[in-house]
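Dear colleague,

Here is the structure I said I would pass on. My notes on it follow below; please read them with the model open.

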Amino acid sequence: MYDVREWRHAFKLDPNKDISDADLEKICESGTSAIIIGGSDGVTLENVLNLMSRVRRYTVPCVLEVSTIESITPGFDLYFIPTVLNTTDAKWIKGIHHEAVKEYGVLMNWDELLVEGYCILNNDCKAAKLTGANTDLNEEDVVAYAMMAEHLFKMPIFYLEYSGKYGDIDLVKAAKAQLNQTKLFYGGGISSAAQAKEMGQFADVIVVGNALYENFEEALKTVKAVMD
Ligand SMILES: CC(C)=CCC/C(C)=C/CC/C(C)=C/CC/C(C)=C/CC/C(C)=C/CC/C(C)=C/CC/C(C)=C/COP(=O)(O)OP(=O)(O)O
Ligand SMILES: O=P(O)(O)OC[C@@H](O)CO
Ligand SMILES: [Mg+2]
């Protein structure tokens, strides 16, 4: 299933963390819509290639969420390109993107790239610190970013990112109410089926990352919780 508009769930695997072959098999055969490979630090070409080749033993769609130019490699089904809406540092909005397109532009199949408009809401997560995101946002702010993603920039994905922390369901609901074409991804702190179900009421796609490394069996249960 390579159409993100039909997804409900994704596991995000961090190339900078270890996962056993046995656990990887369970993840890839879990019924999740896709595996996203990405992280905010320690991502190298070597650890991305290693994880990609292991996930490639299975038929599940495999996506690279690009966080460094050095780790870009052919071989993925899709490439997600984050751009941070709630930072004023142009580097993370379009700066590194310019460098990457200078390097790869002529080789690129643009149909494989999907832009993710990130709205980062957990002030303590690595991505917030790295990008200088302003996480002090109220509902009106978040709704405006959702509208910008859909109407101004026509982004395929609006990503509410609470990485490492379970978020505010009211903000997720409010963002979803603004979106029609743009798909709402929610990620952050989901570690049980009940939380997956709650966020999955409003998010089109829930993303589960850290729980795989912290409470594997509970993390696996998040798939069935959102698949009808
Ligand atoms: C033929 C060929 C090689 C084709 C490839 C074509 C291609 C993909 C070209 C690239 C085009 C392009 C425009 C690339 C952009 C490059 C880039 C590096 C942009 C910057 C991205 C960005 C804003 C990064 C900031 C950090 C961020 C928002 C990362 C997103 C992922 C994330 C938040 C992960 C969570 O991290 P984690 O480590 O899990 O954190 P916790 O500790 O909180 O858990
Ligand atoms: O790791 P967690 O907290 O599950 O968050 C998932 C994802 O949104 C991280 O980019
Ligand atoms: Mg993580």
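**Annotated binding site**

The unreviewed UniProt entry lists these residues under "binding site": Lys12, Tyr159, Leu160, Glu161, Tyr162, Ser163, Gly164, Gly189, Gly209 and Asn210. Please keep in mind that this is a predicted model, and that the annotation may be inferred rather than shown by experiment.

Gly164 sits in the loop that runs between β6 (157-161) and α6 (169-176). Its relative accessibility is 57%, so Gly164 counts as exposed, the cut-off being over 50%. Leaving aside neighbours within four places in sequence, the contacts of Gly164 are Asn122, Gly188, Gly189 and Asn210.

Gly209 is placed in the loop between β8 (205-208) and α8 (211-214). Gly209 counts as buried because its relative accessibility is 19%, and buried means under 20%.

**Cysteines**

How many disulfides does the structure hold? The number is zero. For Cys119 and Cys125 the reason is distance: the cysteine sulfur closest to that of Cys119 belongs to Cys125 and is 11 Å away, too far for a bond. The search from Cys125 leads back to Cys119, again at 11 Å and too far for a bond. A disulfide would need the two sulfur atoms within 2.5 Å. Cys119 is buried, with a relative accessible area of 0%, and Cys125 also counts as buried, at 5% relative accessibility.

**Asn16**

Asn16 belongs to the loop between β1 (9-13) and α1 (21-28). Is Asn16 buried, exposed or partly exposed? With a relative accessible area of 41%, Asn16 is partly exposed, because that value falls between the 20% and 50% cut-offs.

Not counting residues up to four places away in sequence, Asn16 touches Asp41, Gly42 and Asn47. With Asp41 there is also a polar contact: the side chain of Asn16 reaches the backbone oxygen of Asp41 at 3.4 Å. As for Leu152, which is 136 residues from Asn16 along the chain, the C-alpha atoms of the two are separated by 35 Å.

Those are the points I have for now.

Regards

How values were computed:
Residues are numbered from 1 along each chain as its sequence is written. Chains are lettered from A and ligands numbered from 1 in the order in which they are written. This is a predicted model: local features need pLDDT of at least 70, side-chain atom pairs count only at pLDDT 80 or more; totals for chains, interfaces and linings use all residues. Side-chain values use heavy atoms; hydrogens and water are left out. Helices (H or I, at least four residues) and strands (E, at least two) are DSSP runs, numbered from the N terminus. Buried means under 20% relative accessible area, exposed over 50%, partly exposed in between (1.4 Å probe, protein chains only). Contact means heavy atoms within 4.5 Å. A polar contact is a pair of N or O atoms within 3.5 Å; within protein, one must be able to donate a hydrogen and the other to accept it, and residues adjacent in sequence count only if both atoms are side-chain atoms.
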